[in-house]
Amino acid sequence: MTIVSWIILGLLAGAVAKLLLPGKDPGGLVGTTLIGIAGAFIGGWISSRWLDHSISRHFFDGPTWAAAIGGSLVLLIVYRILFGDSRR
């Protein structure tokens, strides 16, 4: 997959992560989108590095999507823990 497809995957993974983890985000839509993109890259890297699942060349590979959504969820939770109360 190309960098552009990883960015698109990250945008969609961020949206799915937001649906799975509703609530207020400190960064709003832009922050959640960036977290989704970063989560896709990090989830894919972790999946290929430590879980011994090579990154597929196909956009519609289930484990690749699961890694991207999982990475987005983890980053969104960490982001909320670190910056959740900064608006008060």
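Some ground rules. The model is predicted: local features need pLDDT of at least 70, side-chain atom pairs count only at pLDDT 80 or more, and totals for chains, interfaces and linings use all residues. Residues are numbered from 1 along each chain as its sequence is written, and side-chain values use heavy atoms, with hydrogens and water left out.

Start with the overall layout. The protein chain has three helices and zero strands, where helices (H or I, at least four residues) and strands (E, at least two) are DSSP runs, numbered from the N terminus. Along the sequence the pattern is α-α-α. Helix α1 covers residues 3–20, helix α2 covers residues 28–49, and helix α3 covers residues 62–83.

The chain has 88 residues, and 34% of them are buried. Buried means under 20% relative accessible area, exposed means over 50%, and partly exposed is in between, with a 1.4 Å probe and protein chains only. As for contacts, the term means heavy atoms within 4.5 Å. Among contacts between residues at least 6 apart in sequence, 80% join residues at least 24 apart.

Now the helix pairs. For these, axes are lines fitted to C-alpha atoms, for helices over the stretch in contact, and angles run from 0 to 180 degrees between N-to-C directions. Under 35 degrees counts as roughly parallel, over 145 as roughly antiparallel, 65 to 115 as roughly perpendicular, and the rest as oblique. A crossing is left-handed if the near helix is turned anticlockwise from the far one by less than a right angle, and right-handed if clockwise.

Take α1 and α2. Their axes are 7 Å apart, at an angle of about 115°. The crossing is right-handed. On the α1 side the contact includes Ile 3, Trp 6 and Ile 7, and on the α2 side it includes Thr 32, Thr 33 and Phe 41. By class, this contact has eight nonpolar, six polar and one charged residues. In that count Ala, Val, Leu, Ile, Met, Phe, Trp, Tyr, Cys and Pro are nonpolar, Asp, Glu, Lys and Arg are charged, and the others, Gly among them, are polar.

Next, α1 and α3. These pack at an angle of about 60°, with their axes 8 Å apart. That angle makes α1 oblique to α3. Again the crossing is right-handed. Residues of α1 in this contact include Leu 9, Leu 12 and Val 16, and those of α3 include Trp 65, Ile 69 and Arg 80. The classes here are 12 nonpolar, three polar and two charged.

Last, α2 and α3. The angle is about 120° and the axes are 7 Å apart, so the two helices are oblique to each other. This crossing, too, is right-handed. Among the residues that meet are Ile 35, Gly 39 and Ile 42 in α2, and Ala 67, Leu 75 and Tyr 79 in α3. The contact divides into nine nonpolar, seven polar and no charged residues.

On to single residues. Which residues does Ser 72 touch, not counting those up to four places away in sequence? They are Ala 13, Gly 14, Ala 17, Ile 35, Gly 36, Gly 39 and Ala 40. Ser 72 sits in α3 and is buried, at a relative accessible area of 1%. A polar atom of its side chain lies 3.3 Å from the backbone oxygen of Gly 36.

Gly 39, one of those partners, belongs to α2. Is Gly 39 buried or exposed? It is buried, because its relative accessible area is 0%. Leaving out residues up to four places away in sequence, Gly 39 touches Ala 67, Ala 68, Gly 71, Ser 72 and Leu 75. Its C-alpha is also 7.1 Å from that of Ile 69, a residue 30 places away in sequence.

Arg 80 is another α3 residue. It counts as buried, at 19% relative accessible area. Its side chain reaches the backbone oxygen of Leu 21 at 2.8 Å.

Finally, Ser 48, in α2. Ser 48 is partly exposed, because its relative accessibility is 33%. Between the C-alpha atoms of Ser 48 and Ala 67 the separation is 9.5 Å, and the two residues are 19 apart along the chain.

How values were computed: Polar contact = N/O pair within 3.5 Å; in protein donor to acceptor, adjacent residues only side chain to side chain.
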